[in-house]
Amino acid sequence: MSPKKSKKSTDTVTITDNSTGKSIELPIRRGTEGPSVFDIGKLAQTLGLYTFDPGFRSTASCSSAITLIDGEGGRLTYRGYSIEELAENSTYLEVCYLLWYGDLPTKQQLQEFTRTITYHTMVHEGLRDFYKGFRRDAHPMAIMVGVVGALSAFYHDDIDFSEQHSRNIAAHRLISKMPTIAAWAYRYSQGEPFPYPRNDLTYAENFLHLMFSYPTEPYQVNPVAAKAMDLLFLLHADHGQNASASTIRLAGSSQANPFACVSASVGTLWGPAHGGANEAVISMLEAIGSVDRIDMFLERAKDKSDPFRLMGFGHRVYKAYDPRATLIRKVCNDVLRELEVDDPLFDIAQELEERALNDDYFKSRNLFPNVDFYSGIILRAIGIPTNMFTVIFTIGRTIGWISQWNEMMQDQGMRIGRPRQLYVGRQHCTYQPIDKRSNEETQSK
Ligand code: ACO
């Protein structure tokens with residue numbers, strides 16, 4: 001099969017199956033920005049051939065108007081607004097509104113939205129009991145998968161998710177309840193009481209209150225910590241068709257309950273190649289321990305026989321510095337200074353970055369720090385335990401997942417996601433009764 005540009009028109013690609021001589025002209029679709037695609041929708045019915053692209057290296061799975069990543073230029077926009085401008089001027093809740101509704105809110109719209117989110121932060125009392133079923137040493141992401149999925153048992157009833165109004169309610173519930181669910185996962189692991197949310201606090205302040213307050217004394221939110229937390233939520237809010245966003249689209253394409261679908265995305269995010277990397281970065285920096293051991297770890301990262309990778313480095317789409325990492329690195333400096341925290345891991349991280357960026361291995365592969373490289377240092381300075389880092393990512397990313405799900409549900413052409421496969425297994429086997437099977441025969445298969 002030889003894909004080549006058609007001579008007749010620049011807006012098509014011609015695919016020819018050389019074994020049969022059959023051809024098809026496939027339309028090229030161009031977005032407003034970013035790489036174009038050619039639409040293979042009619043390929044199978046015309047040529048009887050499917051495409052093969054494990055890991056989606058060359059495949060766009062959908063069209064989307066939410067987030068643009070310019071991987072070569074190191075640029076990220078939400079609904080057309082640059083991440084730098086949003087980080088400088090906006091707040092997490094305003095960005096949630098932007099991602100969900102598609103436009104920045106008016107003052108009144110933002111007030112109403114903020115009020116809706118603030119007044120739905122409590123969860124059903126029955127949901128509190130779920131936590132008791134977990135071991136105390138369970139990873140908080142494991143608890144998140146379970147408790148977020150359990151929301152589907154509380155909000156299934158007669159809701160019709162094909163209606164926009166029902167989807168709005170689901171979105172409001174998820175955004176507002178996620179910090180409560182997340183903080184309680186931590187409190188449970190500590191054997192501490194579960195505080196109720198406070199409606200007089202902002203989104204980020206309330207999360208810190210849920211994490212760190214005690215019923216025995218008033219809790220003062222540190223404004224530096226709250227500002228940094230809000231920014232981290234904002235920077236993690238969406239990132240296109242990554243593994244966890246693709247998960248919610250695939251799960252949701254069966255028209256499953258959205259709370260169950262979000263739980264599937266939480267599970268996907270947990271992996272160290274995805275959102276679990278922020279936790280893995282801290283473990284790596286601790287293992288490095290001092291600046292003089294950096295080179296040894298760099299050598300390990302370059303050694304193909306060693307599974308070790310530089311965590312927080314590299315990205316499928318960015319072939320330049322991740323713009324979120326630039327912003328987080330700067331905030332990291334500010335937070336450590338303002339909170340008067342001296343974290344030796346920050347020194348190791350900066351030195352590691354510098355050496356990696358000057359190393360041919362990383363330069364030739366365009367490997368730069370990603371969003372996870374510095375975020376953990378800020379979280380440590382705020383007092384967030386390492387195993388909660390991916391949970392924080394989960395809170396911020398919830399709006400992205402459900403916005404992707406909503407966009408898919410609005411698409412009139414939406415169908416259940418159902419990839420094909422290239423079958424490479426055995427054929428036409430005859431079942432042998434167990435007493436007629438020899439060891440060699442079984443093992444050879
Ligand atoms: N350390 C060492 N080498 C690396 C790293 C790394 N962190 N990342 C990529 N490489 C190398 C690969 O070994 C490969 O080398 P080769 O061409 O000699 O075989 C080359 O760079 C390309 O890497 P791929 O694995 O093909 O890139 P892919 O797009 O599949 O993976 C990923 C991207 C998973 C993010 C990868 O860079 C990685 O594992 N990074 C570390 C984990 C991490 O930080 N994940 C968070 C990503 S951001 C997020 O999800 C929120």
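Predicted model: local features only at pLDDT ≥ 70, side-chain atom pairs only at ≥ 80, totals over all residues.
**Entry 1: H5 and H6**

Helices (H or I, at least four residues) and strands (E, at least two) are DSSP runs, numbered from the N terminus. H5 covers residues 125–132 and H6 residues 140–154; their axes come within 10 Å and cross at roughly 150 degrees. That makes H5 roughly antiparallel to H6. For my own reference, angles under 35 degrees count as roughly parallel, over 145 as roughly antiparallel, 65 to 115 as roughly perpendicular and the rest as oblique. Axes are lines fitted to C-alpha atoms, for helices over the stretch in contact, and angles run from 0 to 180 degrees between N-to-C directions.

Which residues meet here? From H5 I found Gly 126, Leu 127, Phe 130 and Tyr 131, and from H6 Ile 143, Val 147, Ala 150, Leu 151 and Phe 154; contact means heavy atoms within 4.5 Å. I sorted the residues of this contact into 8 nonpolar, 1 polar and no charged. Ala, Val, Leu, Ile, Met, Phe, Trp, Tyr, Cys and Pro count as nonpolar, Asp, Glu, Lys and Arg as charged, and the others, Gly among them, as polar.

**Entry 2: H18 and two partners**

Next I followed H18 (residues 389–410), whose axis comes within 9 Å of that of H3 (residues 92–101), crossing at roughly 15 degrees. That makes H3 roughly parallel to H18. The residues of their contact come to 8 nonpolar, 3 polar and no charged.

H17 (residues 372–382) packs against H18 at about 105 degrees, with the axes 10 Å apart. H17 and H18 are therefore roughly perpendicular to each other. I saw Asp 372, Gly 376, Leu 379 and Arg 380 of H17 touching Phe 389, Ile 392 and Phe 393 of H18. This set divides into 4 nonpolar, 1 polar and 2 charged residues.

**Entry 3: the ligand**

How many residues are around the ligand? I found 22, and Arg 57, Lys 304, Leu 310, Gly 312 and Arg 316 come nearest. A polar side-chain atom of Lys 304 lies 2.8 Å from a ligand oxygen atom. For Arg 316 I noted 2.7 Å from a polar side-chain atom to an oxygen atom of the ligand, and for Arg 365 2.9 Å.

**Entry 4: Leu 68**

Last, I found Leu 68 in strand S5 (residues 67–70). Leaving aside neighbours within four places in sequence, Leu 68 is in contact with Glu 33, Arg 75, Leu 76 and Thr 77.

Terms used:
Residues numbered from 1 in each chain as written. Heavy atoms only, no water. Near = heavy atom within 4 Å. Polar contact = N/O pair within 3.5 Å; in protein donor to acceptor, adjacent residues only side chain to side chain.
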